[in-house]
Amino acid sequence: MRTSDAKLIPTTGTLKFWRPQDIVQLSFVIPIIRGEDYDQRTEWPGGNFPSWSEIKAELSASKSAYVSIKPMDGGGGHFLNFLVGRYMIQTVCKRNQSGQGTLRVNLTKSGIKFANNSMRRTMLVQGVRIEHRGIALTTFDAFFRDFTDRDSVYSSGRFATELVSLEAKQAPEVGKGKHRADEEDEPLTPLLETEENLLHTLETYVEAEYFLEEQEARAIAGFAFVEVTPEKRVASVRKYFRLRLLESDCKRLRALAPGMLALEGAVGERLLQFRVDDLAPNGGIHQIVVSTGEQLASGAIPDTGTLVLFANPTQKNVRLQVIENLRQRLSPNRWLVPLAAQSYVHSNRPTISVPIPPAKNPPNPSQLLAINAGAGTDDYMLVLGPPGTGKTTVILRWVEFFASQGKRILISSQNNKAVDNVLERLAENRKLTCVRLGSEGTVSSSVHDLLIDNCASSLQRRLVDALERNVSLLAHFEKMCIAMEVSGNAMGHGVDGFADGLDRLQEFAFEKLGDLKGFLTHAVVGENVFSTSVLRTYHDRLTAIPLRLEQLTNELKSNSLGVEDQKTALLSKLVKDRKTEVESFGAVHQTQCEALDDRKQQLSEKSGLLKPLYSIAAWGVSRRKRALIAKHESELAAAEKRYTDKVDAVTREAVALLAQIEAEHGSVQGKLNSEYQQLLGSVETLRKVKLTQLAVVRESFVRVVHEATAWHKTISNQRQEGLYSILLNFVDVVGATCIGINTNKFFKEALFDVVIVDESGQIQLHNLSVPLSRAPKAILVGDHKQLPPVVKDELVDEVASRAEADSGDIDTKLLKKSWFELLWDSAPEDRKAMLNTQFRCPAVISDYISAAFYENKYFAGAGMAEKKPLFSFFSSPMVFIDTSKLPMHVRQESSRRGDDRDELIGNVIETRLVLDVLGRALSSSPDLGERREIGVIVPYKLHVQEIQRAISARQRAGELLGLPSPINELVASVDSYQGQERDLIVFTFTRSNPNGGVGFLADWRRLNVAMTRAKRQLVMIGDFSTLAKPSKVGRRDAEFKDAMAQLRSFVQKHGQLIDASAWLPDLAKSK
């Protein structure tokens, strides 16, 4: 994906553009009364408060500020906070304690404090920008004497009233809730002696470096130019010029590749400073492109003149200012100085788990450990990133995590290429807003779209386009609002239709007017006018009530029928039971009567002497029968009575139950009817409120249309540097070199939440301190097993001489080694993490590197062991062509006598071998050149040039035409190839001599870089008889010689060792 497709600027309503009409002009000095009985300076880093005279002078000279306003609890006044330069000023605006007298602004007890990053960001986003005539710190008596007695703006309190009225202009978040002081770290203790010695040491490094740069610049002859042509570059505020030089001077200048030049005056003074932007511009023969940020008068640059090297004091001044800020505790980084001075007390690192989204290639265990450790640390983290272990992927995860928390990240490194490599990956994430500081001549073309000038230009175009689009959309929205008001007024109780209309309005507004979504949300106070949730609830309840009433009626009928059915069933049962009981009584009575009749008959039929007695007995039976009949009739009457009572009870119970059901139904029906009427009233009230709010929104949008039209005209003609403040306040990621972040005036004072420094294994502390001073938290990513810092012997000598003259405690170890390397040996284990799995090189290469450099803790990832040789004429992905069996006069390096030493200029045989390997590679795989997958790494600068000339000569002869161009990128130094990779890497050692001298190869970490650039095939060319010749113990090259002996043994066993005479048989015959 091209970086131009990446999101440069957020397009949501969170952007705050400082249009001219947004800046409030105040025509008066703002007087602030401070107490005389106590010191109101507080919470200043280190406790080293500025003097009152210093504070008064700075505030009096100020012409702009940010102000936020909050009402006091219970009324009676307002809290006013001012952000002015480095100061956060907290005041209260009110009358005297009785509420009478002149309205005035008083400094609170903790009124003046250092404005930290959190305070600045809050004020920039939520405050109101004002321009004024100065801020006067005054006493109570002086306020009346110098202000109220002289000007009605003060005696009337109008100055304070105007300040308080700005509350309406600030973001909605401000002014809500109770006032509280912003959080700030506790003041630090004074510097220790060791800490002061450290800062003095760093200052000595910086001053010594600049001194040598000046000496070197003055020692080099000037460069004559014979023609000047202005360059038109609309996207930049700088002035660009194309200068044509004399041929010889142009060649010298390109070889030196300086970053700055100056126009020499008649007596040798530097008249004008230029930044060198392009040493070889397109279409320019013997031309260069330079630029200046100064406003030039006509004829300021003559048609002809002399350019001289210029030691730019800006870098020196930036470093010294940073060191002074660290001394004065003005940096948000509180741990840097004590950590470097070995007085820092570590706390346990918090443990967190960074959310990792699903991915095709998720982080491996060592990457995940580093991601969580870096995200969790409160101060610093060291991450050792050996070659090919995916450190850029880890950095991307950190940035995404920090950005999701609203934090601003600085990506920095010593060189532009390292910064560009990271930013190019970050720009692929459209959710991240990235800006690159630098110039097109110094940064990779892949990130040109991220340069601040281009970002501002892109923002300007997008604002203009958005305004044109939104003006027409706003007009259409206004028509929709009018139609909605008309239909709403005639709505009656059509709640659902009204809510549907509001939904359509919201859908249009939020989808079509994206950048104005924030305005829509806060267009009116209270509930959002477009919210239909309450209306929908009312509608649902109004619809449900009639249904419930109908349901109740049906339930009443059903329950009544149920009661009647139960009554009928009970009465039927009673009738049945009565019949059964009567029949049962009748049967028993009949049986008894029949038995008595039979007995009487038997007694009546008796004769004889006892017949009278039998007659009497028969009469008794008759009497018993009459008594039985009477009893039976009595029992029947009682049963009938019970039956009648039960029937009456069932009837009464049914009547009562029906009455209860009807009463309950009536009660619920009454409540529902009452609720229905109340809902109708609420709907009517809400409808009127919504229509009123809608009218307010429509009227607001009418004003916005007019304002947007005027802003369109303004923004179309705005100089793009006027848009830099937008970029400054709302970018997620800023990329800059260690020194570059402090040389851009728009970002010079910007603070960050996190700084991530890549390639920090190459950076000394005095350079690293610049980016580290900009944030309270830092992650250092590097590898001290690869390229070390570049330190000239002359600089070490200069520092040593200054230390001797100074009689101070100045140690050169911070100059000779990167701070990353020094920290890695002393930091606690929970501040260190190592990425241990590589996915670039064939395993045979990383296995040697692991044993030689990383104590066998560097592993080949999945698939690396399966990588085969790239060409059929090799048997291994790791090849060494050894020239040691060739005659010395054939294989020996070439040198020449320099100023005070021999200067190595090349190695003819190794150059020839390089070209032969390239020729065979192109014959076997022509696409390697087309895909730019060939790299030639040479440790010595003049040998680089020798090989480049040899390739050019071959190409003029029609050979090696498939090599990628330009040749100076194909054949380059180890340092130039840092961070790059190629399918084929050819590395030549250059050194071959009978003494076994290896020069600066003795720092064998460059071998780590060179070997690990290869993705598929590594070919090394050298003389093992020189490289591995035993050295005396303790000598500088002893470690290198041992490593070379190990490499020879390793290649013999695991790779392919080729005799150069076998590779090119004619070499053995050379004399």
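Biologist: How many helices and strands in the protein chain?
Modeller: The chain has 32 helices and 31 strands. Both are DSSP runs numbered from the N terminus: H or I of at least four residues for helices, E of at least two for strands. This is a predicted model, where local features need pLDDT of at least 70, side-chain atom pairs count only at pLDDT 80 or more, and totals for chains, interfaces and linings use all residues. Residues are numbered from 1 along each chain as its sequence is written, and side-chain values use heavy atoms, with hydrogens and water left out.

Biologist: What share of the residues is buried?
Modeller: Buried residues make up 49% of the 1071 in the protein chain. Buried means under 20% relative accessible area, exposed over 50%, partly exposed in between, with a 1.4 Å probe and protein chains only.

Biologist: And the largest nonpolar core, which residues touch the most other members?
Modeller: I741, L772, L780 and W819, out of 56 residues in that core. A core here is a set of buried Ala, Val, Leu, Ile, Met, Phe, Trp, Tyr and Cys residues joined through side-chain atoms within 4.5 Å. Helix α6 (residues 193-219) gives the largest share, seven residues.

Biologist: What does I741 contact, leaving aside neighbours within four places in sequence?
Modeller: Its partners include L410, L437, F747, F752 and R774. Contact means heavy atoms within 4.5 Å.

Biologist: Which residues are in the second core?
Modeller: That one is separate and has 41 residues, among them F880, Y977, V998 and L1018.

Biologist: Switching to sheets. What is the order of the six-strand open one?
Modeller: β28-β27-β29-β30-β24-β31, with parallel pairing. Two strands pair if DSSP finds at least two bridges between them. The edge strands are β28 (971-972) and β31 (1056-1059), each pairing on one side only.

Biologist: How many bridges join β27 to β29?
Modeller: Four, between residues 934-937 of β27 and 982-988 of β29. V936 stands opposite V986 in β29.

Biologist: What does helix α31 touch on the sheet?
Modeller: Helix α31 (residues 1038-1054) touches β24 (878-882), β30 (1014-1022) and β31. Its direction makes about 120° with that of β24. Axes are lines fitted to C-alpha atoms, for helices over the stretch in contact, and angles run from 0 to 180 degrees between N-to-C directions.

Biologist: How many aromatic pairs in the whole structure?
Modeller: The search finds 23. Rings of Phe, Tyr and Trp (its six-membered ring) pair if their centres lie within 6.5 Å; planes under 30 degrees apart count as stacked, over 60 as edge-to-face and the rest as tilted.

Biologist: Why is the F28 and F159 pair edge-to-face?
Modeller: Because the planes stand at 85°, with the centres 6.4 Å apart. F28 lies in the loop between β1 (24-25) and β2 (30-33) and F159 in helix α5 (residues 158-165), so the pair ties together parts 131 residues apart in sequence.

Biologist: Is F28 buried or exposed?
Modeller: Buried, at 4% relative accessibility. F159 is buried too, at 0%.

Biologist: Which residues form the aromatic cluster?
Modeller: F28, F140, F143, F144, F147, Y154 and F159.

Biologist: Where does the charged end of R920 sit?
Modeller: Over the ring of W1063, 3.8 Å from its centre. The rule: NZ of Lys or CZ of Arg within 6 Å of the ring centre and within 35 degrees of the ring normal. R802 lies over the face of F211, at 5.4 Å from the ring centre.
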